Amino acid sequence: MSENEDFSQYADGLSKVRQRRWYLWGVILIYIPLIWTTLTITQSDRETAKVFAVWFVLACIASCISAFVKCPRCGNLFHVNGLIPMYFRRCLHCGLPLNADKKKE
């Protein structure tokens, strides 16, 4: 990464990466309240298992959506290098920080 690089040109792509990460975090954070509410209302393990199955499918979809977003700088997958997604705050290929377009100089 060079000091003179204009990161504002990556703003749209990095915004997309951040948005998809928030989808994943939202699905993860809703799990406990969702299961607790379902158990409280239905008092049924079977119905709770159905809700869990739907949540699990949504979590898998959100994980894939956030994992397979391209880096605006290098064009490779931002969170995947190999087979396993790793949700670090930098591109795994070129090292572009997730908030590079927001940093003030």
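Author: First, the burial scale: a residue is buried under 20% relative accessible area, exposed over 50% and partly exposed in between, with a 1.4 Å probe and protein chains only. This is a predicted model, so local features need pLDDT of at least 70 and side-chain atom pairs count only at pLDDT 80 or more, while totals for chains, interfaces and linings use all residues. Residues are numbered from 1 along each chain as its sequence is written, and side-chain values use heavy atoms, with hydrogens and water left out.

Now your pairs. With a salt bridge taken as a side-chain nitrogen of Lys or Arg within 4 Å of a carboxyl oxygen of Asp or Glu, the count is two. One of them joins Arg18 to Asp101, with 3.0 Å between the closest N and O atoms. That pair ties together distant parts of the chain: Arg18 sits in helix α1 and Asp101 in the segment after α3, 83 residues apart. (Helices are DSSP runs of H or I, at least four residues, and strands are runs of E, at least two, numbered from the N terminus.) Arg18 counts as buried because its relative accessibility is 14%.

What else does Asp101 meet? Contact here means heavy atoms within 4.5 Å. Leaving out neighbours within four places in sequence, Asp101 touches Phe7, Ala11, Leu14 and Arg18.

Beyond four places in sequence, the contacts of Phe78 include Leu14, Val17, Cys91, Leu96 and Leu98. Val17 turns up again in the contact list of His79, along with Arg21, Ser66 and Tyr87, among others. His79 lies in the segment after α3 and counts as buried because its relative accessibility is 0%.

The other salt bridge pairs Lys50 with Glu47, at 3.4 Å from N to O. Both residues lie in helix α3, three residues apart, which is about one turn of the helix. An α-helix has 3.6 residues a turn, so residues three or four places apart point the same way. Lys50 is partly exposed because its relative accessible area is 47%, and Glu47 is partly exposed too, at 33%.

Helix α3 also gives the most to a nonpolar surface patch, with five residues. The patch consists of Tyr23, Val54, Val57, Leu58, Ile61 and Ile65, and together they have about 550 Å² of accessible area. Patches take residues with over 30% relative accessible area and no salt bridge, joining like charges within 9 Å and nonpolar side chains (Val, Leu, Ile, Met, Phe, Trp, Tyr) within 5 Å; the areas are Shrake-Rupley values with a 1.4 Å probe, and for residues only the protein chains shown count as cover. Tyr23 comes from helix α1, residues 11-29, and is partly exposed because its relative accessible area is 47%.

Gln43 is exposed because its relative accessible area is 65%.
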